[in-house]
Amino acid sequence: MTAILDRPLVEVRNVRHFYGKSAESNLLVLDDVDLTLFDNEIVGLLGRSGSGKSTLLRSIAGLLTPTGGSVAFPAPATTVSMVFQSFALFPWLTVQQNVEVGLEAKRVPAAERRKRALAAIDLIGLDGFENAYPKELSGGMRQRVGLARALVVDPSILLMDEPFSALDVLTAETLRTDLLDLWSEGRMPIKSILMVTHNIEEAVLMCDRILVFSSNPGRVVAEIKVDLPQPRNRQEPAFRALVEDIYVRMTKKAAPGEVRDGLFPGTGISMVLPRVSTNTLAGLMEAIAGSPYSGKADLPQLARELQYEADELFPIAEVLQLLRFAELEGGDLRLLPPAFRYVEAEVDQRKQLFAQQLLNYVPLVAHVRRVLDDRASHQAPARRFRDELEDNMSEEYADQTIRSVVQWGRYAEVYAFDETADLFTLDNPS
Amino acid sequence: MAQRDATTERGWPIARFLRMRSAPSWADLISFLLLAAAAVLIVRGAGEASQPLAALRATPVTLDVARLPEYALRTTLRMFAALGASLVFTFVFATLAAKSRKAEMIIVPALDILQSVPVLGFLTFTVTFFMGLFPGRQLGVELAAIFAIFTSQAWNMTFSFYQSLRTVPNDLDEVSRQFGFSAWRRFIRLDLPFATPGLVWNIMMSMSGGWFFVVASEAITVGNTTVTLPGIGAWLALSIERQDLHAVAIGVGAMAVVILLYDQLVFRPVVAWADKFRFEQTKSQEAPRSWVYAMVRQTRWLRVGFAALAWPMRQIGRIDWSVPRPPALRLGGETSRILDIVWLVIIGGFAVWAVAVLAGFVSHTLNWSDVWTVTGLAFATLVRVLVLIVVASLIWVPIGVWIGLRPVWAERLQPIAQFLAAFPANVLFPFAVVLILRFKLDPNIWLSPLIILGTQWYILFNVIAGASAISTDIKEAARIFDIRGWQWWRQVALPGIFPYYVTGALTASGGSWNASIVAEAVSWGHEHIEAVGLGSYIASATAAGRSAQVALGVAVMSVFVTALNRAVWRPLYRYSERRLRLD
């Protein structure tokens, strides 16, 4: 595993990518990313949703052409193959036909196709299921088919896009172990694996090298070599320390200066807000206020205990930070005084407190409220705000942001909302 | 015909059609103009080629029961020929629309309008047109009949296929691209299988509608010549002319047998087979069943026989048309914008030409008073359609809910409702005429129910499906809180069935407009009764061969149907989607 040859398999240089038609109005998902993949290594791209790691993987797979930069394969005859998060199996083909599909596209003769497919099915532990249809298989089995299909074409590089994130915890772990065994025994024809993940422990468990991405725009903020010997043990102190270290890096503020605006892309009223329910926010504050945390929690530990993926926990923590209910620092989430008052309070006081924080720290909520106050009718169509947002963000983000603001504001009774009419109002249904 | 889950959203492309925008746009107007101009050209061509009508030497249809099986077979073959044509049309135009944005701009609105055109009104002209192509031969009339059925089948199939192509799952698209599938392989492996379930349901709906047209198109009177094609429709026409009630009854019975056989031997097996292409990766609760399909799969020699039938298909699938894929042309934003403009200019040119053609045609033969008359008549028919939809709803919604809530009954009655929807109601019209004449009833009122005779069943079977889809949780909650009477209807039953009801009512309303052309003017031998309305206007203009008036009538009807869809059904559907679904 340590024998790294000089000649890289993939060289990615200065890749940038925009989504959308024109460069000005749209989202920069990848900014100036470099990546070199060598022979005989597993490299993980770790980051949160929106960090462009999947985009990078697809650029290497040739599924999309990045707006700028280059993707090169210096070694001759380098081929890639891909495993998908959703398995991407053809439901109308049997396991064997699914595995053969790539060979068929390459016009491999039927007899050889069959032989190779059966060998791959055997390798991946699916014998006996050749004639089954995907809908008859469990999630883990389906992903095995996806793996066999990717391996049967003899790729030099195996690309994996969050291959285990659609599986339950136990199945995912079995599949990871099986894959690592095949890899370390050299039974797969591949030279390297490049995988995308948002699961920090998974990255530390599997990879020789981890590239940590920041989001909005996606940049490589850290490159971490993992020298722990395989098989790795999640409970080992060195393993835990590494996970902790990556948590810290991922929660670090993007740049000094931008203290809170930097949490979410965009500034002021056109900040892209994640959809986090007020119930979840309340729940997290209550959990941290109680024992054993008493106001301050270590994120990796919190994630494990609350059964959250890091990727799910981050937005909740960040909304708390935006509302000044908590402070994120060095992989810890520390509650601030308003949060303690909130946890102690009754329903109505809670709402008042939440409303106060919203109006003070979420510019869009304050803006909506101001518009409603100014108008004689005390009504304003949501369309108006959505249009305003769309000047600075994609339609999808604008919609998401409006929905968040609607939910938060309704809970705090800052305003009311009529879904049918798509209208913000000040009347409270009594 | 449909199993229960036909009406769930997935298998029901009408649902997707309904979700489309409802505001009229320039594309609609231009499509309408182009289609109207094309129709006018056909009508003109037909007028010029009308002389060989008399020269036709067709085998006369006789009321001989021994020949009825042959007639039935020929009617069925016409249906399948039209289906084949519709499939070819679907594959070509849907693929074009899905792959090319420029083609899409024209094809999609055109399909939307074509779905609303009452093709029955054009029957006469298509007959004369096709006979002009094959003077003195029966082939022309055959083709005209097939064309009439085609026009009733093709549009929704194309629409469904296009929608499927547009919604091919992203990950499967990526797999195909990553493995470098050729265009043909992608079609065989991905596009076609993915679109199959939706397409099969639409073929089913199309076939149900098609029986109506095949009956109407086998005996056509233009001026004083009647052209007949051997078939059940011609048999019925002849029995009506001779006022032979017994023969009518035999014809109706034959029709029923044909539809039953077709349903059991062809349709159910195909639906059961198509289930394997459903995209959900979980096993469906209730897979469609067919005894024929099960038998074919379990009986060895049948399986071998079918494998032999499927062999050519497999070979076609296996061929790898190694068309080198053209290198993806990367056009800059500027260039593609210029190309768009060029394309729009071309379409604009055609639109201007269409206006010229229409203006020339209309100013020749029509004046404004015609337009006002026809619009007035259209309102008469509109009132008839709306009142009947309301009446049918008041009758069938409670019955459908009652049935739908009792799974045992629903399972037994649902296929019957679907059978009735496929049954061509026009074969029953003579009975109504006999009654009206005997009791000296007012045709303006008593002919009206005929409009909805064949289409009311769409309301019934959709309501049954909706009521059986109300979740057990909701039903139990209603029981526990003792929700009964009007409150139960208002808060449980009606919201539960509403999206299904809208789908059914839309189909019924569209079909009723079409039916008005044959239902507002009905004959029984020499007796002829008529109701005032756009349908009878088109029918009498057709009989007299006044092509301009037919064209006007058909155009006005298309506008009314399209407007009704946009103004009533789609907003209702969107409302139900937004408010009455919890997901």
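Where pLDDT is low, the predicted coordinates should not be read in detail. Local features need pLDDT of at least 70 and side-chain atom pairs 80 or more, while totals for chains, interfaces and linings use all residues. Residues are numbered from 1 along each chain as its sequence is written, and chains are lettered from A and ligands numbered from 1 in the order in which they are written.

Where the chains meet, chain A puts in 17 residues and chain B 20 residues. On the chain A side, the largest share, 3 residues, comes from helix α2 (residues 95–105); helices (H or I, at least four residues) and strands (E, at least two) are DSSP runs, numbered from the N terminus.

As for chain B, it has 23 helices and 4 strands. Of its 583 residues, 47% count as buried, meaning that 20 or more other C-beta atoms, placed from the backbone, lie within 10 Å of a residue's own.

The largest nonpolar core holds 271 residues, and A:A148, A:L320 and B:V463 touch the most other members. Such a core is a set of buried Ala, Val, Leu, Ile, Met, Phe, Trp, Tyr and Cys residues joined through C-beta atoms within 7 Å. Helix α8 (residues 183–217) of chain B gives the most to this core, 16 residues. Setting aside neighbours within four places in sequence, the contacts of A:A148 are A:V99, A:A120, A:I121, A:I124 and A:L126.

Chain A also has an open, antiparallel sheet of 3 strands in the order β13-β15-β14, where strands pair if DSSP finds at least two bridges between them. β13 (379–381) and β14 (416–418) of chain A are at the edges with a single partner strand each, so one side of each lacks a neighbour in the sheet. Between β13(A) and the antiparallel β15 (residues 423–425) of chain A there are 3 bridges, and A:P381 stands opposite A:L423 in β15(A).

Note on methods. Contact = placed C-beta atoms within 7 Å. Buried ≥ 20, exposed ≤ 12 C-beta atoms within 10 Å, placed from the backbone.
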